[in-house]
Amino acid sequence: MDCTEEMVKILFQHQHGLIITRIMSTACELGVFDLLLESGGFLSSAEIAERLDTSHMGMEKLLEACVSLKLLRMEKKDNEGFYGNTDLANLCLAKSSPKSQCQYIQFYSEFVYTCSQYLTKAVREGKHQAPLVFGTSEKNMYINISSSEERLEVFQNAMGDAWSLYGQEVISAFDLSCFHVVCDVGGGSDAFAKQYISLYPNSTVTIFDLPEVVERAKKHSVSSEEHRINFQSGGGVLLVETVLNEDRSGPLAAHIYSILVMLVLEGKERTLSEYSTLLGAAGFKDVQFKKGRHLDAVYGRKENISF
């Protein structure tokens, strides 16, 4: 493949990122991956369409696209295609998987891509577009999200999906066993708390968030036997971010998140030196960093703190 062909291939992938996400979210929503996981083998497109109550033509096109995206496998028998899950689909796209990302994909498909239509305006003005995104005069994204029970549920479920996939790696980046009282600032749901307690069973996690978010978490998620909702002081902070390279050349994920933050918030992604400066100003002198496969961990601890 020459350089021009490779560049065109990359361009095609970028141009069609939206429809790729929609293909995944549609297959998740219809239950394609769950059906194939439960079947334990391969099914024909006609059988999948019948069991999921869709048109045969539409389902066949969807399945073929998923094969091209390496989400499904296809075997030919008597000139007919039979479809089965890949390992990726079983792990991340079946709703019944403990590491399912279906709700995260739904959040991107329904919310993030809707927000992206205001990106040009955000770049021109250099400020978030929350009032346009939500159709209100309220500028605070979290107030807008929490104003709708359905919207809040989608957001918190998406964050729960992300923690189920990346949480253990981030939490285990440093030895945090000395912290028996942990405060999850802006935690929303109990997704982080569950991951943390599974690794450090002798710790207590306090979730700190907006009152309405906490109330929903207490009602729908948090087990009173395991968690207490209150305020706690502490000497350590673990930041979970996608950290920019010092020369700001990447990674791509950090720049994408920075763009998304600009759309609806007033923050930004930072380099490690910028995080170190922020933490240092707040009294966190011992700053450490671990690079993850998707999310990074920045750990700061105040000096002369005993536990």
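Cys-183 counts as partly exposed, at 30% relative accessibility. On this scale buried means under 20% relative accessible area, exposed means over 50%, and partly exposed lies in between, with a 1.4 Å probe and protein chains only. The model is predicted, so local features need a pLDDT of at least 70 and side-chain atom pairs count only at pLDDT 80 or more, while totals for chains, interfaces and linings use all residues. Residues are numbered from 1 along each chain as its sequence is written, and side-chain values use heavy atoms, with hydrogens and water left out.

The cysteines come next. A disulfide is a pair of cysteine sulfur atoms within 2.5 Å, and by this rule the count is zero. Cys-28 is in no disulfide, its nearest cysteine sulfur being that of Cys-102, 3.2 Å away. Cys-28 is buried, with a relative accessible area of 3%. For Cys-183, the closest cysteine sulfur belongs to Cys-178 and is 16 Å away, which is too far for a bond.

Ser-25 is found in helix α2, residues 17-30. Helices here are DSSP runs of H or I with at least four residues, strands are runs of E with at least two, and both are numbered from the N terminus. Is Ser-25 buried or exposed? Ser-25 is buried, because its relative accessible area is 9%. Leaving aside residues up to four places away in sequence, Ser-25 touches Ile-105 and Ser-109; contact means heavy atoms within 4.5 Å. A polar atom of the Ser-25 side chain also lies 3.1 Å from the backbone oxygen of Arg-22.

Now to the sheets. Strands of a sheet pair through backbone hydrogen bonds, either parallel or antiparallel. Two strands are said to pair here if DSSP finds at least two bridges between them. Strand β3 (residues 80-85) is joined to β2 by six bridges, and in β3 the bridge partner of Arg-73 is Gly-84.

Another open sheet of three strands has the order β6-β8-β7, and its pairing is antiparallel. Why is one side of β6 and of β7 left without a neighbour in the sheet? Strands β6 (236-241) and β7 (286-290) stand at the edges and each has a single partner strand, so one side of each has no neighbour there. On average, neighbouring strands of this sheet are turned by 15° against each other, direction ignored. Six bridges pair β6 with strand β8 (residues 296-301) in the antiparallel sense; in β8, Ala-297 is the bridge partner of Val-240. Helix α15 (residues 272-281) packs on the sheet and touches β6, β7 and β8, its direction making about 150° with that of β6.

The last topic is backbone geometry. Most residues other than glycine have a negative phi, and most peptide bonds are trans. Asp-53 is not a glycine, yet has a positive phi of about 60°. Asp-53 lies in the loop between α4 (45-52) and α5 and is exposed, at 72% relative accessibility. Lys-70, also not a glycine, has a positive phi of about 65°. Lys-70 is in the loop between α5 and β2, and is exposed with a relative accessible area of 64%. The peptide bond from Gly-250 to Pro-251 is cis, with omega near 0°, and Pro-251 lies in the loop between β6 and α14 (252-264).

Methods: A polar contact is a pair of N or O atoms within 3.5 Å; within protein, one must be able to donate a hydrogen and the other to accept it, and residues adjacent in sequence count only if both atoms are side-chain atoms. Axes are lines fitted to C-alpha atoms, for helices over the stretch in contact, and angles run from 0 to 180 degrees between N-to-C directions.
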